[in-house]
There are 2 protein chains.
Amino acid sequence: MPSIVANELELIDRYWRAANFISVGQIYLMDNPLLKEALAAEHVKPRLLGHWGTTPGLNFLYVHLNRVIKQRDLDVLYICGPGHGGPAMVANTYLEGTYSEVYPDISRDEAGLKKLFRQFSFPGGIPSHVAPETPGSIHEGGELGYALVHAFGAAFDNPNLLVACVVGDGEAETGPLAAAWHSNKFLNPQSDGAVLPILHLNGYKIANPTILARMDDAELTKLFEGYGYEPVFVGGSDPITMHKQMAETMDLVLDRVRAIQDAARAQTWSGERPRWPMIVLRSPKGWTGPKDVDGKKVEDFWRSHQVPVSNARGDAAHRRILEGWMKSYRPEELFAEDGSLLPELAALAPTGTKRMGATPYANGGLLKRDLALPDWKNHAVEVAAPGQSMGEATRRMGQYLRDVITLNADNFRIVGPDETASNRLDAVFEVTNRVWMEAIQPYDVELAHEGRVMEVLSEHLCQGWLEGYLLTGRHGLFSCYEAFIHIVDSMVNQHAKWLKTSAELPWRKPIASLNYLLTSHVWRQDHNGFSHQDPGFADFVANKKADTVRLYFPPDANTLLWVTDHCLRTYNRINVITAGKQPAPQWLTADEAEAHCRAGAGVWEWASSSSTSQEPDLVMACCGDVPTLETLAAVTILGKALPDLKIRVVNVVDLMTLQSHTEHPHGFTDEAFDALFTKDRPVIFAYHGYPYLIHRLTYRRTNHRNFHVHGFREEGTTTTPFDMAVMNELDRFHLVLAALKRLPAFGERAATLETTLRSKLEEHWAYVCEHGEDMPEILNWRWSATS
Amino acid sequence: MPSIVANELELIDRYWRAANFISVGQIYLMDNPLLKEALAAEHVKPRLLGHWGTTPGLNFLYVHLNRVIKQRDLDVLYICGPGHGGPAMVANTYLEGTYSEVYPDISRDEAGLKKLFRQFSFPGGIPSHVAPETPGSIHEGGELGYALVHAFGAAFDNPNLLVACVVGDGEAETGPLAAAWHSNKFLNPQSDGAVLPILHLNGYKIANPTILARMDDAELTKLFEGYGYEPVFVGGSDPITMHKQMAETMDLVLDRVRAIQDAARAQTWSGERPRWPMIVLRSPKGWTGPKDVDGKKVEDFWRSHQVPVSNARGDAAHRRILEGWMKSYRPEELFAEDGSLLPELAALAPTGTKRMGATPYANGGLLKRDLALPDWKNHAVEVAAPGQSMGEATRRMGQYLRDVITLNADNFRIVGPDETASNRLDAVFEVTNRVWMEAIQPYDVELAHEGRVMEVLSEHLCQGWLEGYLLTGRHGLFSCYEAFIHIVDSMVNQHAKWLKTSAELPWRKPIASLNYLLTSHVWRQDHNGFSHQDPGFADFVANKKADTVRLYFPPDANTLLWVTDHCLRTYNRINVITAGKQPAPQWLTADEAEAHCRAGAGVWEWASSSSTSQEPDLVMACCGDVPTLETLAAVTILGKALPDLKIRVVNVVDLMTLQSHTEHPHGFTDEAFDALFTKDRPVIFAYHGYPYLIHRLTYRRTNHRNFHVHGFREEGTTTTPFDMAVMNELDRFHLVLAALKRLPAFGERAATLETTLRSKLEEHWAYVCEHGEDMPEILNWRWSATS
């Protein structure tokens, strides 16, 4: 590579000043963008909102990345960990021309600059953070911790991509970020792209120093060498010296990346995990901003975090500081009279899709190819009659996923915390492996340098990798223990917000849905107990925008297959599938499953003792595999004891059907809902999760006052599967008891049955305490039609 | 310290074998505990549930800690990161005698052993994990990631405590654990205890190797030296060699701990951060268990994770493996004929509260001292008339907390992610500092080696430190941005489960409540926008057991003071207080605030145009500071336009009053509820968070069908505060419009008002888009009684 010449450094410095100027302008000004007039109060926004502190560092890195992109013709995705440094990303995508292409009313002249400044953190304008609105971004950065894991997710299966990932030293204190450094143990230098982490130590958070910035270089070197990287340090504050250092360092680390990839992609690669380079940049927080304001240290201190000169509209002295600060960038050396960037500076930026703001990797929908999907019916369970055959739902799903992997070798991955096999998806290992870049021993099983399955004991890494993978145009599935998906609540939240906002921007193309399989669920935590019992993720997800979220509870294998296939075809959604892995009775044939799932919910005539046209005495509703089993068992008990009782069985697969169609696109109309649940009959509803969710979804429905929901009521321990249901009154006996309470017409007979069932419950408890397993009549119970 | 003699090692080995024997017995046997008869099918449990893999390592560490406790007369708390290794903790607390003291029916003889074995993972027995039921534990370990952060929390302000913290190599992959190593930057060697991390590399998770175990010692050394520790390695599999290594290593590291503490506690300490020692233990997973089963590698591989011989009841060959395995511990060398531990082995355990199972640090309620609390009324805002004075609620709370800190110098801490000052609690810095063990610069502010405030940019660390601190008998508060408390959803979940179960155990004494201040809330995220806007933590918490959770929404400073004072007096609860930090009108005097908060919810007569005895035409209800302000503004508009409309204003502070008293101890009876909300009048309810929560809490109430709830509907960005309310229809204009829709009797006049308000909304939007701030009539609006 050619060495850096002084002239180039001076140009780089001017470009950087232009970005800094435009960043400050966004935070402060609503008029007079080029400071052609003396700065007056009315030029300054009344509410100053934004974050200056991190911005000059982000600008510094952007211009240096521009340099190497041009020199080496690279595809680079810039992940801006300190996403609150929004002004930097906006300034740079504006300078390189992307911004005006995406938003033509923000032109590359004085009028455009004025609009650009004004719109920032302004009603009707753009958010203060790097957001979906910001070209070139897949990462909001508002909730800190996920920059690096997004970067790795983007790099997987993108061998020609370099992901430059700026990690702030605040963010570096978070758990997810601290774990994400280990992602290098999962990056294959042959078939994946490269991640260049840039740890930006600007020393301070909102009101504190940062842990990592106060560590010395020796300790930092050990830490990152321990993580498996080769850290290269750049530090100081004199601009030209820093430009020289950074340009040389970029050359050095990119040569290293190239060498690693060349070696790995030669046929002679030993398979040894490479030590990828990273940059540690020490630069002052609020670099080039005011050194002191009101006698207090600002530059190189936490006081520069947000708006360093806080009263520039109301206080003339503050305004003079601001004006002096902006003029210190010498705008006359940066912009032509018309406000356009001077040509010799504009020439520094890459062109076309090489611009970081215009790379299609940051608008993944542009790159997305639909999955080639096998026919799920090839994997369907034979169901001669409902409840007669047993099957493991997730095992069938695994067979289907195996074929998905075969048909989509480079754009589909499964992530999960070490549970793909224990969740019985292990058929996938017939065609792929777990990816693993550390040593592999001869006795290891299904581990390889290349694999479609990624397992790590961190839900944060699983979630973040998959988000990065989806956001850059690929597909995937996260298989997780139900209880522990709460670990990533907040990440899901941010992804849902990203999807919601992206969908409102015509230039952002839809990406594949975020798909979850939640299994090893609350009702079957045989080995673990209370800590592993929580079905509340559904409640969390249900609060998100209706356009985005779907909750599926397939009751058996064929319904699970249909739902999986369906979810893999959707885009811009969060699909949550909850299904058990244990052997369980199978209810529906493939065709019946398809019809039932398409409807979302429906009457199971074969299990009902009243026909659909007939008004029943009682509705027994169920949602989830264990609730469905218990409901059908309850129906049998009722059918035997009270043969004249007209029962309707309703099964719900798609929970959002319960909501009104005015609130959710899958919601039933009131007419459709009433047709299922009646207007006035008692409904005993057995639900997989917390009962409140059913009430919150149905409170406006005609018959809601007659809904009696049984579900998880936060009672749990290590016990037998049936006893778990009993503890929470979701078992067949309690469901029948609940029904009897609402059937006064059956007087004596109901009372007799109640007595029988109460003694059954006692018998159950005595039995499990003696034998440690469920009674044979429970274990061996099979549905048979009573008719 | 005396060197280790061979006889001692042999005794240690026998003790270890006894623990291993008892661990295996728990997993497998329901009878024949000492194998006095040949092992028969009926001696084996029908369902084999538990985790063997980690257990021998935990036992190994326990006996070595016993040795040093006795030799050095230490107080040691054992944090068992791999909490699924429950059999180990049960075995050891049984061997040392604690278990039989806590549970007298589990005697120290053959009959007791039989019960001990049988009860494990058995209905009516104990969970498979280390749980509240396990003496000596403050840590469940079921959800991995929090062992080390709990350990540090326990060590703070306990200068004489050594916390031995076993971190599994699976757990070490999680984000929270990876960040927790940095807790050493917050541990003061003078006034805090010591944490001895023991990284246990047994190589495998459920079905994979672990990242850290496959790193070589050189890379691990760098990593942990980089984190600031001095790692000492112990590795191998030959028991006696390993006992010798571990005993020597324990001596070495405890000498180092002593030297660090002596140096720091001498007056000559430089203040330099010590490099605390840690142990890295490499031992085989399933150590001493079957090497191979059915021709497959088990010991030293992931197949030993749970139950290595899976069919010992049904398969005679498996049963022989089990029998041989248990006999390999030579029970005849461990137990007397009556099943009691041989005296020379029993003598190895410490006695009394020095036993790790009996340390009061693991039953924090025993050590808890009530806080000395100042009179909150000393900090109350003067309120001459409602709405006439402005105040910042959290600033008053900060003044109160300052006095709490002064009065409780060694058992109260505030944690938070770098936001104590920005959340306006900075009065606390008049009497304390932020604790910080890295370098402190002359220009740093409120940083010191000792401080009651702990700030780190990791909600996980904040939460985990505080949990550890509370569980060992102290008090605290977590102040957090509202949106980002979701980061710790899952930790809160586990803590709630711990509290729920602990409360059912008479020997576990109540601990101080986990108190949250959620501020910088959804309605005032001026600098940040959508990513920082989420009020859903309340929904999450509301799913937990009613005995445990409380949700408070004080509308002003005096109510916030009362609620804070109240929460600091409670125990075994999770109290969530949501309150803004911005200047806002003050409504209630101290006395009024007290009466209102004690009731939990009530009519604000001064704001109502109907007296309480009179049936109103309309109820305007509010919960939260911004909703209260907007509701009162709406009431003013209605009062002016429709002076004959009888409005009742209801304010809710304690959200759980809305639930039925049959479901929550704070819930109102239906009579009380109807008295507030009427039986049939329209209720326009302005709520701080997602509207669904109000519906889910009130769906059984008489008047529920007339509840119209406005709240956050997932619309947000960086905009003006009032515009945020408008985007979500929580503003005064939309509240009035909602009321008008339900007041058909006001015909023409209502229609006219509606037209006015719709044009107001347009005027608002035009104004903010031009000026970037709210209209003066909004900014300057103050309540004044219309009467």
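In this predicted model, the side chains of A:Lys544 and B:Asp534 meet in a salt bridge, with 2.8 Å from N to O. The rule finds 18 salt bridges across the interface of chain A and chain B. Polar contacts were counted as well. Between the two chains, 65 residue pairs are in polar contact, both residues at pLDDT 80 or more.

Helix 14 of chain A gives the largest share, 7 residues. By class, the side of chain A that touches chain B has 48 nonpolar, 40 polar and 37 charged residues.

The extent of the interface was also computed. In total, 125 residues of chain A are in contact with 126 residues of chain B. The area buried between the chains is about 10,300 Å². Carbon and sulfur atoms give 54% of this area. Three residues, A:Arg214, A:Leu457 and A:His527, supply 7% of the area that chain A buries against chain B.

How are the two copies related? Chain A is superposed on chain B by a rotation of 180° with 0.0 Å of shift along its axis, and the RMSD is 0.0 Å. This is the relation of a two-fold axis. A:Gly175 comes closest to the rotation axis among the residues of chain A, with its C-alpha at 1.9 Å. Both copies use the same surface: 100% of the contact residues of chain A recur in chain B.

Definitions and conventions:
Residues numbered from 1 in each chain as written. Chains lettered and ligands numbered in written order. Predicted model: local features only at pLDDT ≥ 70, side-chain atom pairs only at ≥ 80, totals over all residues. Heavy atoms only, no water. Contact = heavy atoms within 4.5 Å. Buried area = accessible area lost by both parts, 1.4 Å probe. Salt bridge = Lys/Arg side-chain N within 4 Å of Asp/Glu carboxyl O. Polar contact = N/O pair within 3.5 Å; in protein donor to acceptor, adjacent residues only side chain to side chain. Helix = DSSP H or I, 4+ residues; strand = E, 2+ residues; numbered from the N terminus. Nonpolar A, V, L, I, M, F, W, Y, C, P; charged D, E, K, R; others polar. Least-squares fit on C-alpha atoms with pLDDT ≥ 70 in both.
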